[in-house]
Amino acid sequence: AVELAFVAALQHLPGNQRAALLLFEVLGFSAAEIAETMNTSAASVNSALARARRVVAERVPSVTQQRTLRRIGDVRVREIVTGYSTALERGDADALVALLTEDVTWSMPPMTHWYRGVEAVMDFAVRLPLTSCGSWRHLPVGANGQPAVAGYLWDEEAGAHLGWSVDVLTLRDDRIAEITSFVGAGHLARLGLPASLP
């Protein structure tokens, strides 16, 4: 039930606020229990919760991703995922930009890279995944209840496409509003995906 938008918002919180919010909102601890766990006062916990909630309210959309996906429908979601994969595999900037909202973001936690707006996202996409990275193959997957794409990058020495990343797509209406790339083959293994594609 914890959506990616909430998880992404957590990265903007200091450790004490993140811990208090997770313990209270996700695990159901009381403020007194959190204070005991964190070796602080209940007033300090309540203050941390208030500050954390403000940040989350600013960063988490009011319409849940699950509601958006149900409204769009499975067929259109598959079309978007296929279009995203195909655009990257073909290096087709026009096809990719047609799938994006104007205020799209592309992030790669825990890396500090964060691109906001279609111009910044496309500048990054054209410089790296669409042109410089080499040959891509993709598998559609789901991650955290959202559509996602497992990316495999050609490795000449291995003679195969090796697991590279999982891109989780957050949709608004029928466009991609956020791309969150989890770089590293370990993410594919956690999803039970193969390490390479022939």
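**Exercise 1.** How many residues line the second largest pocket, and which of them lie nearest its centre?

*Solution.* The structure is a predicted model.
Step 1: the lining of the second largest pocket consists of 18 residues.
Step 2: those nearest the centre of this pocket are M108, F124, P129, W164 and V183.
Step 3: by class, the lining holds twelve nonpolar residues, five polar and one charged.
Step 4: at least two lining residues come from each of β3 (136-143), β5 and β6, and β5 contributes the most, namely three.
Step 5: the space in this pocket amounts to about 270 Å³.

**Exercise 2.** Characterise the largest pocket by volume and lining.

*Solution.* Step 1: the largest pocket contains about 490 Å³ of space.
Step 2: 24 residues line the largest pocket, and R59, V60, P61, R172 and E178 are nearest its centre.
Step 3: nine of the lining residues are nonpolar, seven polar and eight charged.
Step 4: elements that each provide at least two lining residues include α4 (42-59), β5 (160-172) and β6 (175-183).

**Exercise 3.** Describe the largest nonpolar core and the contacts of L96.

*Solution.* Step 1: the largest nonpolar core comprises 26 residues, and Y84, L96, L100, W106, L169, L171 and I176 touch the most other members.
Step 2: two or more residues of this core come from each of α5, α6 (74-90), β1, α8 (118-127), β5 and β6.
Step 3: α6 has the largest share of this core, with six residues.
Step 4: leaving aside residues up to four places away in sequence, L96 touches Y84, A87, M122, A125 and L130.
Step 5: apart from this core lies another, of 15 residues, including F6, L23, A31 and A52.

Conventions:
Residues are numbered from 1 along each chain as its sequence is written. This is a predicted model: local features need pLDDT of at least 70, side-chain atom pairs count only at pLDDT 80 or more; totals for chains, interfaces and linings use all residues. Side-chain values use heavy atoms; hydrogens and water are left out. On a 1 Å grid over the protein atoms alone, a cavity is a set of points where a 1.4 Å probe fits but cannot get out, and a pocket is an open set with protein on both sides within 12 Å along at least five of seven lines; lining residues have an atom within 4 Å of a point. Grid points are joined across faces, edges and corners, and a volume is the space filled by probe spheres set on the points. Helices (H or I, at least four residues) and strands (E, at least two) are DSSP runs, numbered from the N terminus. Ala, Val, Leu, Ile, Met, Phe, Trp, Tyr, Cys and Pro count as nonpolar, Asp, Glu, Lys and Arg as charged, and the others, Gly among them, as polar. A nonpolar core is a set of buried Ala, Val, Leu, Ile, Met, Phe, Trp, Tyr and Cys residues joined through side-chain atoms within 4.5 Å. Buried means under 20% relative accessible area, exposed over 50%, partly exposed in between (1.4 Å probe, protein chains only). Contact means heavy atoms within 4.5 Å.
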